[in-house]
Amino acid sequence: MARQQQRRRPNHNRKARTNTFHPKVEYPKTVTYYEGITVGQLAERMRRNSSDIIKQLFMLGQMVTINSTLDDDAIQLVCMELGVTPTKEESVDLQSLEDTVEDDPASLVARPPIVTIMGHVDHGKTTLLDTIRKTHVVSGEFGGITQHIGAYQVAVNGKKVTFLDTPGHEAFTSMRARGAKVTDITIIVVAADDGVMPQTKEAADHAKAANCPIIVAINKIDKPEKNIERIKNEMSDLGLLPEEWGGDTIFVELSAKTGEGVPELLDTILVVSEVADLKANPDKFASGTCIEAKLDKGRGPVTTLLVQNGTLHSGDAVVVGACFGRVRRMSDDMGREIKEAKPSSPVEIIGLNDVPVAGDTFRVFESEKQARDVAARRAQSKIENERKGSSAVSLENLSSQLSAGELKEIPIIIKADVQGSAEAVRQALEKLDVSGIKINVIRSTAGAISESDVMLASASKAMIYGFNVRPDANVRKKAEEEGIQIRLHNIIYKVVEEVEAAMKGMLEPVYEEVVFGQAEVRQTFKVSKIGTIAGCMVTDGKMLRDAKCRLMRDGVVIYDGVLGSLKRYQNDAKEVTAGFECGLTITGYNDLKEGDIVEAYGEQEVVSE
């Protein structure tokens, strides 16, 4: 009897499994996606396995993984195969993290000023920073502050002042070049026994270009060989005229070594900040700028943030540049763990998924999912913006920008073989006045064109004019990377004529046609909403994205237009060279056939000697 029961049990279990009910999976008929969405994120939105999408793309000749980003064409193809209607969400540009919503004036409260100290390397900047830290730390004893964070706060007459401990004007300029406006007041340190040096001039150039109040700190007044009048004269030549001479620049005399004059400097900072009426709204999601970031072996990405608006809380979901995460731990400038940070507070956080770049803006979002989506979109937008290049002014686009009313002044940097020539070129250009547009010479010095000049031009969107000087290979490469135009001349009136012609819209460079390459159509695909995609083999030269093109059939040109897109597998490509396959479309034209030849061509400026 027991044996019969044992034999029946398996049958009973098998019957129970047979009757198990499996509900039918309902797949959505529509899906929304954004620029830079990955295979995994798209699969999640479509309620499908990632392998389904990977399989479909593999059948279409595209090799992808779960973390691969998809472009519009690939998403359209996948959705068409799976019977889903795709809708693209509004794209997020590089400014998406900047706080553009205007605050109600009633919600604004006073915030501490943010101060950057710059100057020549041996003029006492470090000593001044140490003196301020040792005597005016907000709370607790001085110790290891710079090891914890690259910014700190001091208390002056019961009010806080935030100092940025930057490596120098290069970091300052690099952050401005990324659009980060972090400094309210700039202090330029000059040694009373040494005078204005090259780095002092550069610091003054960068501070003026940042358009923020400048305080000149004349240091080392305890030295017997001091010459304060000489300093004021030399700084006046740089455009920083003392108040007692009828200018608007405050000069403070001090000794960082003895501490004499340091309290007066701090009082001056408070006066300048009160005039500026610095305010922020603490009752909103925090936003601000990344000051510095590093990868710590034990803690992962460690980021120093400067809160400029709102209040940052421990546990907030935050996006910094193209990185995201939650604030797992937050420390103040003394290394102490805190739970919240008000406007103008520097804090060190851990919890991001990657190391951001100094100068990146940050913002808090409602959820980590939203932060992840924004970071992914911003990473894609950043790639696209880098492809488009710098928006620095050039002679070719100067006329169009002037006619569109985008420019009221033209920023220019002048480098010459001797100072006399630099001043002569400067004076000649500044006399130009066409339709109320003026020339703004940011820097005019003697010497070779350096990388520092290129960085200043990048931050100020300026052109560089070289007079009897030439840049070396490294500087040329840096200028190309930053999209900065360098114009070289050896006759002053030629420089003036060239700029004046551009200002009047008369600059007409001579162009000649140049053929970039040819590709043979091997296969065609018709896709709704996109048109005809041609699978091609580049047979000669190279195909360039956005180039003009001719479609030739049996040696006869049957269409002349512009390449709509150029791809190498699923990725957008700037160019595809001979011997490689590519996919392309022609804007406004779909009658492509196998065997057709697509010729890419353009115009190249003829350089006149």
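Let's start with two helices: H14 (residues 451-460) and H15 (residues 473-482) pack at an angle of about 10 degrees, and their axes lie 9 Å apart. Here helices are DSSP runs of H or I with at least four residues, strands are runs of E with at least two, and both are numbered from the N terminus. Axes are lines fitted to C-alpha atoms, for helices over the stretch in contact, with angles from 0 to 180 degrees between N-to-C directions. The model is predicted, with local features needing pLDDT of at least 70 and side-chain atom pairs 80 or more, while totals for chains, interfaces and linings use all residues. Residues are numbered from 1 along each chain as its sequence is written, and side-chain values use heavy atoms, without hydrogens and water.

H14 and H15 are therefore roughly parallel to each other, a term for angles under 35 degrees. Which residues meet? Glu451, Val454, Met455 and Ser458 in H14 touch Asn474, Val475, Lys478, Ala479 and Glu482 in H15, where contact means heavy atoms within 4.5 Å.

The largest cavity has a volume of about 40 Å³. A cavity is a set of points on a 1 Å grid over the protein atoms alone where a 1.4 Å probe fits but cannot get out, and lining residues have an atom within 4 Å of a point. Volume is the space filled by probe spheres set on the points, which are joined across faces, edges and corners. Arg299, Arg329, Ser331, Glu348, Ile349 and Ile350 line the largest cavity. Strand S17 (346-352) and strand S15 (323-331) each supply at least two lining residues, and S17 gives the most, with three.

Definitions and conventions. On a 1 Å grid over the protein atoms alone, a cavity is a set of points where a 1.4 Å probe fits but cannot get out, and a pocket is an open set with protein on both sides within 12 Å along at least five of seven lines; lining residues have an atom within 4 Å of a point. Angles under 35 degrees count as roughly parallel, over 145 as roughly antiparallel, 65 to 115 as roughly perpendicular and the rest as oblique.
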